[in-house]
Amino acid sequence: MKFIVKLFPEITIKSKPVRKRLVRQLRQNVQVVLLKETEGAKVQEFWDKLEVRLLPGYENDEAKVVDALQRIPGISNVLKVDSYELEGIDSRFDDIAQICADTYGKQIKGKTFVVRVKRAGEHSFASSELERYLGGALLRSCEPESVSLKQPDMTVKLEVRDDTLYTVSERYEGLGGFPIGTQEPVLSLISGGFDSTVSSYLTMKRGLKTHFCFFNLGGDAHEIGVKQVSLYLWEKYGRSHRVHFISVPFEGVVGEILKHVNHSHMGVVLKRMMVRAAQEIAKKMDVTALVTGESVAQVSSQTVTNLNVIDRVSETVILRPLITMDKLDIIRLSAKIGTEEFAKNMPEYCGVISDKPTTCAKLAKVEEEEGNFDFSVLDQAIEDAVVRKIDQVMHQQKNVVDVDVTTLPKVGDVVIDIRGPEEANKSPLTLTNNEVLHIPFYELMSETERLDKAKRYLLFCEKGTMSQLHASHLKGMDFDTAVFKLA
């Protein structure tokens with residue numbers, strides 16, 4: 001069983017040395033990926049294609065091989081072929097016609113069809129001559145409706161290379177793009193939502209070895225979710241190259257922003273802090289570009305003016321594959337590549353979302369706001385970043401502890417309002433029969449020493465996401481916790 005792997009067209013227009021390098025890398029990538037699926041696949045490299053052959057006894061691995069080839073960047077399409085050695089092929093049109101009748105006869109019966117021949121090598125006939133001959137032979141012997149050159153029900157595809165005939169029984173579409181490893185490595189800022197997963201996929205598809213950088217704003221559950229989708233993306237589209245997952249603890253940075261930055265500038269400042277941190281991590285990894293999932297005007301921090309202010313903190317180029325894409329198109333692509341379900345169930349965080357965010361930040365004003373920020377907190381977050389190989393990212397992962405949700409506190413329960421000060425002041429939580437503590441989520445872990453493990457603590461926030469995560473974390477520390485929601 002043999003498959004012809006067609007090159008992405010942009011590869012074929014490169015100069016000879018560049019094309020050789022790209023094809024060589026594609027062959028290596030295919031070998032690495034297929035070896036994880038089967039021991040029976042042999043890959044051979046040619047100037048204009050690759051050939052993958054399944055050895056006898058490994059026919060049951062066909063579906064796995066085809067699926068893997070469709071997910072390797074650099075491949076335009078994959079043709080399942082049978083090959084026939086026909087010595088003196090110039091004079092063996094009758095033999096070719098019989099092979100075509102045996103291969104395609106049942107498929108074209110009662111249908112319109114056309115024959116298309118691709119040819120390489122020295123022959124005494126033109127491709128069009130063989131097409132006309134085979135069209136007539138199939139019309140006479142296989143009972144099709146008719147030949148249709150423009151809109152046939154079926155196209156009979158053949159390739160002739162020197163004295164070898166290839167009949168094409170199936171065609172599978174590939175990803176396109178360039179082979180991973182032929183372009184420079186990048187660091188993708190991934191949150192696990194629609195945008196960052198799609199942007200990461202697009203850089204992988206374009207041949208960029210894509211590492212993942214996650215800024216943890218809200219606890220173990222979010223980190224686990226982002227690890228899962230990052231691992232999925234790598235296993236699905238990037239397995240030919242080992243990459244890293246970097247987790248940066250950013251709750252302290254968020255706390256500094258909430259304390260010292262005007263609420264209208266919080267989003268822009270947070271993005272600038274993330275870019276600063278990512279740039280330092282990228283330097284350590286010898287990575288020369290960052291990737292984000294930003295799209296013009298999708299949210300307040302993504303206006304062109306604000307993006308310009310954000311970019312001023314980075315000497316490293318920032319790639320934005322989605323910059324002009326509509327949200328619906330991003331979601332559709334997310335569904336196509338398999339990250340939609342991850343994104344739909346990924347927690348969203350409101351810790352630094354203000355009610356009136358600026359859409360036209362002034363660099364001088366932003367820098368003034370950052371003048372109150374303690375940058376040692378950012379330095380510590382970078383220092384505490386954890387780097388893992390992507391295929392080991394779920395090893396020794398702590399499980400998120402399930403916690404109950406209640407709308408009726410019991411006598412003696414203490415409610416902890418973990419919202420930021422501005423949000424809490426805007427709509428204070430008051431209860432008649434229970435003590436209410438206000439401890440912002442970014443200070444909660446440092447305040448655990450003054451909590452009494454003999455009491456039950458109900459954690460509260462507006463959406464319930466942050467309270468769920470922190471209640472789970474406290475429960476893992478042997479506190480009796482639950483989530484409190486207003487009825």
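Predicted model: local features only at pLDDT ≥ 70, side-chain atom pairs only at ≥ 80, totals over all residues.
I started with the contact between two helices: Thr 197, Ser 200, Tyr 201 and Met 204 in α6 meet Val 229, Leu 233, Trp 234 and Tyr 237 in α7. I sorted the residues of this contact by type and got six nonpolar, two polar and no charged.

Next I looked up the geometry of the pair. Two packed helices are described by the angle between their axes and the distance between the axes. For α6 and α7 I found an angle of about 25°, with the axes 11 Å apart. Angles under 35 degrees count as roughly parallel, and α6 and α7 are therefore roughly parallel to each other. I also checked the handedness, and the crossing of α6 and α7 is right-handed.

Then I moved on to α11, which spans residues 327–337. Which residues of α11 are buried? I listed Ile 330, Leu 333, Ser 334 and Ile 337. Looking down the axis of α11, I saw these buried residues fall within an arc of 105°, so they line one face of the helix. On the other side of α11 I found Leu 328, Arg 332 and Lys 336 exposed.

Note on methods
Residues numbered from 1 in each chain as written. Heavy atoms only, no water. Buried < 20%, exposed > 50% of the residue type's maximum accessible area, 1.4 Å probe, protein only. Helix = DSSP H or I, 4+ residues; strand = E, 2+ residues; numbered from the N terminus. Arc of directions from axis to C-beta. Axes fitted to C-alpha atoms, helices over the stretch in contact; angles between N-to-C directions. Parallel < 35°, antiparallel > 145°, perpendicular 65-115°, else oblique. Left-handed = near helix turned anticlockwise from the far one by under 90°. Contact = heavy atoms within 4.5 Å. Nonpolar A, V, L, I, M, F, W, Y, C, P; charged D, E, K, R; others polar.
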